[in-house]
Amino acid sequence: MDSRPQGSDPINGQKPSEDCAVVGFKGKINAYNPIITALRTLQHRGQESAGMAVFDGKKVTLKKGSGLVTDVFNPATDDIKGYVGVGHTRYSTAGSKNVVNAGPFVMNSSFGYITISHNGEIVNADELRDSMKKEGITFQSDSDTEVMLAELSRNISKYGLKRGFEQSMESLRGAYACAISINDRLYAVRDPNGIRPLVIGKNNDGYIVASESCAIDALEGTLIKNIEPGEVVEISDEGIRTIVSKSANRIAHCMFEYVYFSRPDSVIDGINVYAARVNMGRILAKESPVEADIVVPVPDSGRSQAIGYSMESGMPYTEGLIKNRYSERTFIMPTQSDRKAAIHLKLNPIREVIGGKKVVLVDDSIVRGNTMRFIVGLMRKYGAKEIHVRIGSPHIIAPCYFGVDMKTKDQFIARGKTDEEINREIGADSLAFLSVDGLKQAISMKNNNLCLGCLTGEYPIDISKKLAENITSY
């Protein structure tokens, strides 16, 4: 398993990070440009590496590398052609941080070329890898995605396409939303619990598979549907068809997609993300009102919730913290003073806005609390009279095993502490979190089909004792 260094990013480094964006395209034009556009639209889901695999009718061209999409690809020099392909951006939560583990993965199998782009995490990947090694199967990486590819390839070879997918979905435990190509056909695959999002759309040039609907919007396409939990959709020259439908007894969409991960302009499983976040702020204002002068978001993550808090409370919303969008993407910060300097480089208060004011400071979540502690101190330095911190999600108290970089029980400031104790640590005048019931109400998911594992410690998939024990601390 992989843990993100606390100092790797001074603002978002204190947030949970999603691991990947997946993209697939099949159409009547070269897949290269649509995949690039979709990946750039979904860059927020992973900035560690980017990759693309495109089939031209005879072979697959694979290119991947470290960095942003614009670091890896150059349309002026890249020679990547074909009408079907998959793309990937990565933030690692399973497997080491190197380009060998970057997606997509490609295999030349007995039934042709198979490629896979995967978002999520397979909790029994090590067990499956060890079993396959005993059968003589070799691996080039320690990524769980390569395990998925090997499992899918051997099952399709043994059972045929439909049964091969079904058998793989029975053996793979965890979260996965995948864009897969097999020769000239594209497949969209989602785990039976539906933990990670996946959508399919269409524009004038072809079909698009993506982690979020905003990528379809960027390609001027129309959203056709969300891939259902346990569904495999095949896209061919004849159109689209569902070839597998195998949902679990419990549907469990990740609540953090609505709180933080997804772009506000996306629609995830029928829920508008922006509207859900505004609702979180509104309900938070009802649950935890306070007398103050202004509502200020922590940019950019707390903006939508802060708007909702302002709407419900009647207090004016204002931008009191300015984010520097042109500072370095990643920081190496060995000391606390370095980390503080990096945060100040990223965020700067507006003295004329917050000076002498009672401020409601709104953010979407708190994990470790280090950044919030510094922001509160910085705002006091710039003259804020009172600072009342309001968090637009409940307390995070437990690890995530399904594709989020929250792996250690001792990294959560809210674990085993009262709100008063947490408030003393961050130095605010008051602190309040959105309740679990308030979160459910804000998202308005039918049948309450949410994964709340990081809030409750109760997971939709059994977690082995060995796995849990291996990641209890750094």
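Biologist: Where is Pro-104 found?

Modeller: Pro-104 is in the loop between E4 and strand E5 (105-109). Helices and strands here are DSSP runs, numbered from the N terminus: helices are H or I with at least four residues, strands are E with at least two. This is a predicted model, in which local features need pLDDT of at least 70, side-chain atom pairs count only at pLDDT 80 or more, and totals for chains, interfaces and linings use all residues. Residues are numbered from 1 along each chain as its sequence is written, and side-chain values use heavy atoms, with hydrogens and water left out.

Biologist: Which kind of peptide bond joins Gly-103 and Pro-104, cis or trans?

Modeller: Start with the general idea. Most peptide bonds are trans. The bond joining Gly-103 and Pro-104 is cis, with omega about 0 degrees. The bond from Pro-299 to Asp-300 is cis too, with omega near -10 degrees. Look for Asp-300 in the loop between strand E17 (294-297) and helix H9 (303-313).

Biologist: Are Asp-269 and Asn-447 buried or exposed?

Modeller: Learn the cut-offs. Buried means under 20% relative accessible area, exposed means over 50%, and partly exposed is in between (1.4 Å probe, protein chains only). Asp-269 has 18% relative accessibility and counts as buried. Asn-447 has 70% and counts as exposed. Across the chain, 61% of the 474 residues are buried.

Biologist: How do I read an aromatic pair?

Modeller: Two values describe a pair of aromatic rings: the distance of the centres and the angle of the planes. Rings of Phe, Tyr and Trp (its six-membered ring) pair if their centres lie within 6.5 Å; planes under 30 degrees apart are stacked, over 60 edge-to-face, and the rest tilted. The whole structure has 7 such pairs. Tyr-32 and Phe-73 are an edge-to-face case, 6.3 Å centre to centre with 80 degrees between the planes.

Biologist: Which parts does the pair of Tyr-32 and Phe-73 tie together?

Modeller: Tyr-32 lies in helix H1 (residues 32-41), and Phe-73 lies in the loop between helix H2 (69-72) and strand E4 (84-90), so the pair ties together parts 41 residues apart in sequence. Tyr-32 is buried at 5%. Phe-73 is buried at 6%.

Biologist: Why is the pair of Tyr-401 and Tyr-459 edge-to-face?

Modeller: Their planes are at 75 degrees and their centres 5.1 Å apart, so the pair counts as edge-to-face. Tyr-401 is in the loop between strand E21 (386-391) and helix H13 (419-426), Tyr-459 in the loop between helix H15 (453-456) and helix H16 (465-470), so the pair ties together parts 58 residues apart in sequence. Tyr-401 is buried at 3%. Tyr-459 is partly exposed at 22%. Elsewhere, ring pairs link Phe-256, Tyr-260 and Phe-261 into a cluster.

Biologist: What does Phe-402 touch?

Modeller: Contact means heavy atoms within 4.5 Å. Leaving out residues up to four places away in sequence, Phe-402 touches residues including Gly-120, Ile-195, Cys-451 and Tyr-459. Phe-402 and Tyr-459 are 57 residues apart in sequence and 9.7 Å apart in space, C-alpha to C-alpha. Phe-402 is in the loop between E21 and H13 and is buried at 1% relative accessibility.

Biologist: Over which ring does the charged end of Arg-351 sit?

Modeller: A charge sits over a ring if NZ of Lys or CZ of Arg is within 6 Å of the ring centre and within 35 degrees of the ring normal. The charged end of Arg-351 sits over the ring of Tyr-382, 4.5 Å from its centre. For Arg-129, the ring is that of Phe-139, and the distance is 5.9 Å.

Biologist: How do helices H8 and H14 cross?

Modeller: Axes are lines fitted to C-alpha atoms, for helices over the stretch in contact, and angles run from 0 to 180 degrees between N-to-C directions. The axes of H8 (residues 273-287) and H14 (residues 436-443) come within 8 Å and cross at roughly 140 degrees. Among the residues making the contact are Ala-276 and Met-280 of H8 and Leu-439 and Ile-443 of H14.
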